[in-house]
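Below is a short report on one protein chain. It goes through the sheet, a hairpin, the aromatic rings and some helices in turn.

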Amino acid sequence: MVVLANPALVEIPLVRPQKHGAFFSAIPVVDLSKPFSAEALVKACEDVGFVKVINHNVPMDVVQRLEAEAVKFFEMPQVFKETSGPADPFGYGNKRIGPNGDVGQVEYLLFGITSKPLSYTSMSFLEEPSSCLFGLSLFDLIRTRRLVAKHCFLLWLFICGPYRSPALSEYLLAVKKLASDVLELIAEGLKIEPRDVLNGLVTDEQSDGLFRLNHYPRCPLLERLDRSWTGFGEHTDPQIISVLRSNNTTGLQISLKNGSWVSVPPDQESFFIVVGDCLQVLTNGRFKSVRHRVLANGSKSRVSMIYFFGPPPAEKIAPLSQLMGEGEQSKYKEFTWGEYKKAAYKSRLGDNRLGQFEK
């Protein structure tokens with residue numbers, strides 16, 4: 001019998017994992033350097049709503065530097081990380097995902113992203129270098145000695161140091177270019193004009209983006225159990241698309257059309273494109289926003305980076321007329337991204353957010 005002594009862990013659901021090595025082998029893979037990649041992207045978005053892209057032109061040294069900075073941050077003592085939280089909605093969060101009761105075995109940093117000029121939210125408590133003392137008492141400073149200086153300096157460099165983390169800025173720029181290219185290829189594959197009808201929604205000056213760094217820590221206890229923690233519960237992404245990358249650790253699962261859950265083989269060299277709710281509406285349901293989740297099995301820590309690409313808040317979201325067949329009716333009521341975002345933030349992770357907007 002195993003007793004979970006930490007109350008913070010008891011409330012996180014346990015899930016029976018699939019057998020070790022039971023990965024889904026049919027994840028669509030699209031080589032962006034090849035002819036017909038546009039058609040392949042469209043097919044993947046129709047069939048699964050999820051696709052791995054290779055030859056993406058995002059420099060791996062930029063990816064690796066950002067991952068290294070993220071690992072340094074998440075390895076800091078909890079007392080320092082929590083000075084940038086709780087997330088409301090931006091900042092550091094630990095186990096609690098949003099304001100509506102969802103929990104998971106995850107800690108994270110969430111940034112709001114503006115498009116032009118590209119910038120991201122800093123943690124307000126770190127606006128001044130002197131705040132690196134984090135309001136600790138003299139006793140705390142003496143007790144932690146060199147540890148304080150080391151970790152404060154790392155955190156200050158990562159979030160709002162003199163260069164505001166070049167790795168983060170370079171990563172955001174590179175992944176934004178990838179998302180723009182993918183959406184342009186999707187428009188080409190759908191044979192709609194102009195070619196920037198989709199990528200223009202995420203490159204507009206008012207485009208509404210989010211960037212999330214997730215860390216699913218090791219839990220040695222789970223290595224002795226035939227269970228996994230719920231790391232991040234099942235959900236769809238509300239935006240147009242999300243671009244995801246993780247280290248070489250398992251945990252990500254997607255739900256197929258038949259409702260079964262399958263594990264995605266990890267690949268730290270590639271990116272995964274996730275169809276969001278807004279893209280489902282823009283295609284009148286031709287593309288499906290895929291339900292996905294992360295299970296934390298405790299054997300190895302997982303670090304993931306997700307850039308969520310949303311349109312401007314005032315943008316009206318409705319099926320594109322070029323994709324509507326003769327006599328075809330819209331399956332959805334028109335809404336603005338701001339209206340949908342507000343509704344999404346009032347919901348639980350697993351809710352069918354689009355339900356209230358269906359005709």
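Two strands count as paired if DSSP finds at least two bridges between them. The model described here is a predicted one. Strand 4 (residues 91–97) and strand 5 (residues 102–114) are paired in the antiparallel sense, with 6 bridges. The two strands make a hairpin, with 4 residues between them. In the turn, Gly 98 has a positive phi of about 75°.

Across this pairing, Asn 94 stands opposite Glu 107 in strand 5.

Strands of a sheet pair through backbone hydrogen bonds, and the pairing is either parallel or antiparallel. In this model, an open sheet of 5 strands runs in the order 1-8-13-10-11, and the pairing is antiparallel. Strand 1 (14–15) and strand 11 (261–263) are at the edges. Each has a single partner strand, so one side of each is left without a neighbour in the sheet.

Strand 8 (residues 228–235) pairs with strand 13 (residues 292–296) in the antiparallel sense over 4 bridges. Trp 229 stands opposite Ala 296 in strand 13, and Thr 230 stands opposite Leu 295 in that strand. Strand 8 also pairs with strand 1, again in the antiparallel sense, over 2 bridges. There, Val 15 is found opposite Ser 228 in strand 8.

## Inside strand 8

Strand 8 has 8 residues, of which 7 are buried, so the strand is largely enclosed by the rest of the structure. Gly 233 belongs to strand 8. The cut-off for a buried residue is under 20% relative accessible area. Gly 233 has a relative accessibility of 14%, so this residue counts as buried.

What does Gly 233 touch, not counting residues up to four places away in sequence? The contacts are His 292, Arg 293 and Leu 349. Gly 233 and Pro 13 are 220 residues apart along the chain, and 9.1 Å separates their C-alpha atoms. Arg 293, one of the residues that Gly 233 touches, lies over the face of Trp 261, at 4.2 Å from the ring centre.

## Aromatic rings

A pair of aromatic rings is described by the distance of the centres and the angle of the planes. The count for this model comes to 12 aromatic pairs. In one of them, the rings of Tyr 171 and Phe 211 have centres 5.7 Å apart and planes at 50°, so the pair is tilted. This pair links distant parts of the chain, with Tyr 171 in helix 7 (residues 166–190) and Phe 211 in strand 7 (residues 208–216), 40 residues apart. Tyr 171 and Phe 211 are both buried.

Phe 211 also pairs with Tyr 307, and this pair is edge-to-face, at 6.2 Å centre to centre and 75° between the planes. Tyr 307 lies in strand 14 (residues 302–310), 96 residues from Phe 211. Both of these residues, Phe 211 and Tyr 307, are buried. Ring pairs join Phe 111, Tyr 171, Phe 211, Phe 271, Tyr 307 and Phe 309 into a cluster. A charge over a ring is found elsewhere: the charged end of Arg 212 sits over the ring of Tyr 108, 4.4 Å from its centre.

An α-helix has 3.6 residues a turn, so residues three or four places apart point the same way. The buried residues of helix 2 (residues 37–47) are Ser 37, Ala 38, Leu 41, Val 42, Ala 44 and Cys 45. Around the axis they cover an arc of only 165°, which puts them on the same side of helix 2. Among the elements that cover these residues are strand 2 (29–31), strand 3 (50–54), helix 7 and strand 12 (271–275). Just after helix 2, Gly 49 has a positive phi of about 80°.

Helix 3 (residues 60–74) has 15 residues, which should span 21 Å at 1.5 Å a residue. The C-alpha atoms at its ends are 21 Å apart, which agrees. In helix 3, Met 60, Val 62, Val 63, Leu 66, Glu 67, Ala 70, Phe 73 and Phe 74 are buried. These residues cover an arc of only 155° around the axis, so they are on the same side of helix 3.

Technical notes
Residues numbered from 1 in each chain as written. Predicted model: local features only at pLDDT ≥ 70, side-chain atom pairs only at ≥ 80, totals over all residues. Heavy atoms only, no water. Buried < 20%, exposed > 50% of the residue type's maximum accessible area, 1.4 Å probe, protein only. Contact = heavy atoms within 4.5 Å. Phe/Tyr/Trp six-rings, centres within 6.5 Å; stacked < 30°, edge-to-face > 60°. Lys NZ or Arg CZ within 6 Å of the ring centre and 35° of its normal. Expected span 1.5 Å × (residues − 1). Arc of directions from axis to C-beta.
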